[in-house]
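These are my notebook entries on one structure.

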Amino acid sequence: MHPFFHSGIREYHDSETRRKIVLINIFLLLGFLVLLLMGSVAIVQRDILLGMMDFIMAAFFSGLFFYLRRTGREPLVAKVGVSIILLFFCFLFFTGGVNTTAFMWLYTFPLFSLYLLGFKKGALATGILFAFCTGFLMVDLLSDTVSVYNSRDFSIRFIPSYLLIFALACLVENSRASARKAMREKQQQLADAVSELQTKEAELEEAKNQLELRVQLRTAELEQANKQLLVEMEERKWAEEERIRLEAELLRAQKMELLGQLAGGVAHDLNNVLSGIVSYPDLLLLDLPPESDMREPLKNIREAGNRAAAIVQDLLTLARRGITIKEKVQLNKIIDVYLQSIEFIALQKNHPQVEIQTDFAADLAIVSGSPIHLEKMIMNLIVNGFEAIESTGVVTITTENRRIHTAVQAYDTIMPGKYVVLTIRDTGVGIPKESLDRIFEPFYTSKIMGRSGTGLGMTVVWGTVKDHDGFLDVKSSQGEGTSISVLLPALRGKHGTANQQPEEAMVNRGNGESILLVDDSPEQRSLGLSILGTLGYLVEAVPCGEDAVQQLSEKTFDIVLLDMIMEPGMDGLDTYRRMLAIHPDQRVIIVSGYSENARMKEALRLGVRSIVKKPYTLQTIASAISRELSG
């Protein structure tokens, strides 16, 4: 961004203040240019008073910019700027300067006043402007001495439109502040947990070293006592090394499971926070005309929520709770799609010195898995390969079918079976031997944290492979590059192309079908009632499984939308079992951001056919309900 827009930013400013300063600079520049233009037009049209006011406001904007650049006092500039604009808009309204489409300028006031001053002060400033405009319109309509607008049609259009923009600005500011607060709290909890895990890891490392020392001393004593037992001693030594290796694997799995449980809980809370950010813009967009200026900001809000939801999916993969339904997947096609994606093109532009080579097996077997998770795994491996190369080099991607007849001791202990093997090699700097056992740990990286990602890339790879019942093999040495192989179980006798399901582009609406929404979160119930009502369904919402069972015993519903985790009382699985006892053919869609795999699989076994992850979009929930109703 141009240095002009960073004028006034100081080192001690936090990220929120920096964003506000950039926004103020942009607004001041645009306001200065527009006011000069509008003032010139007013002078040409012989409206001297309006033109002079435009020039005075432009001078004020210029003064505020230089004051902010010199002092960095963003709160004072925001208050003064909003106050000046408030007075200017009152002057324009009083003099009839908004008699045409120029009254649309007043709609911008709630947006930047709430953002710059905060919720309470921004709402007060917005209310003052609204009160002045409304009072002036009443005097204008009822008095014979004042006749600036004298148009009831203008009043009818202006007052509700202004109130709608004000309500929307309040909703956006409140949602943004709540999401930011929740994100900071969860980040702090995660940082505390990581610190505790690091302490425990150091203690375990010390205990391991002491155990190895005792084993070595005992082995030396036995060797000196009786050389005739050399064979037996060698066998014992091998057994001890194997035990240590297995302990290390168990310790690694336990650490990953512990952090995974924490990540799953964080993801569950974030999904509930993100639901409103992702879903409410869809509802608002339905009511806005195509030419509305608010459509683009709402789409930006929705996309920001979707990007945050993608990060939550990384946490779910780390928690090994993100994959519930699998399909037949052709790994070559997933790799081809990524190599043609915008993300990969950007990666190549950032590393022009790196060459990519591929060698795909033509008869590659089909695997059972989640295409989204597998693509994320492939992306992380390729990105790591590119970033490991400091000068020129090559990243090679190969796929093959492989049958393993006996257990192989690699990075994992690979069991016998038929596998689809993906191998990604790079000619980069390599991984030190002492770091190989830690490369899949969360936040462990040799790169600068935050510059190349979240620190969860290789952990997501590990979680995805384990969720697909696969194995990993890593070979690397410093200065000679790295080779990472992923072995996924192949489906028996399945080759060729996996079926691809076309995405639905239209929003399927209801026709008065009855839906029971079961969720312990008031925000989720309110969101669900709004979305489902907009889609044309008759909706009732209850906060717990007990109330849902009571409702079903009194009346019938076409579909039940059921949350999986509800506290206190019955969870989703127990509630579904009670429902089946009342209505054996009851259609149920599980809507959840996080769930234990075993209980989710049990619900699928009992008859649930559809699962929708939080946060969901209007199109996603509409498609799921339409598919369920159509059988």
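I began with Ile-589, which stands opposite Ser-610 in β14. I was working on a predicted model, in which local features need pLDDT of at least 70, side-chain atom pairs count only at pLDDT 80 or more, and totals for chains, interfaces and linings use all residues. Residues are numbered from 1 along each chain as its sequence is written, and side-chain values use heavy atoms, without hydrogens and water.

I then looked up the strands: β13 (residues 588-592) runs parallel to β14, joined by 4 bridges. Strands here are DSSP runs (E, at least two residues), as are helices (H or I, at least four), numbered from the N terminus; two strands pair if DSSP finds at least two bridges between them.

I noted an open sheet of 5 strands with parallel pairing, in the order β11-β10-β12-β13-β14. Because β11 (538-542) and β14 (610-613) each have a single partner strand, they are the edges, and one side of each lacks a neighbour in the sheet.

I turned next to the surface. Ile-43, Ile-48, Met-52, Ile-56 and Phe-60 make a nonpolar patch of about 430 Å². Areas come from the Shrake-Rupley method with a 1.4 Å probe, and for residues only the protein chains shown count as cover.

Helix α2 (residues 48-71) gives the largest share of the patch, 4 residues. Ile-56 lies in helix α2 and counts as partly exposed because its relative accessibility is 39%, between buried (under 20%) and exposed (over 50%).

Note on methods: Patch = residues over 30% accessible without salt bridge, like charges linked within 9 Å, V, L, I, M, F, W, Y side chains within 5 Å. Salt bridge = Lys/Arg side-chain N within 4 Å of Asp/Glu carboxyl O. Buried < 20%, exposed > 50% of the residue type's maximum accessible area, 1.4 Å probe, protein only.
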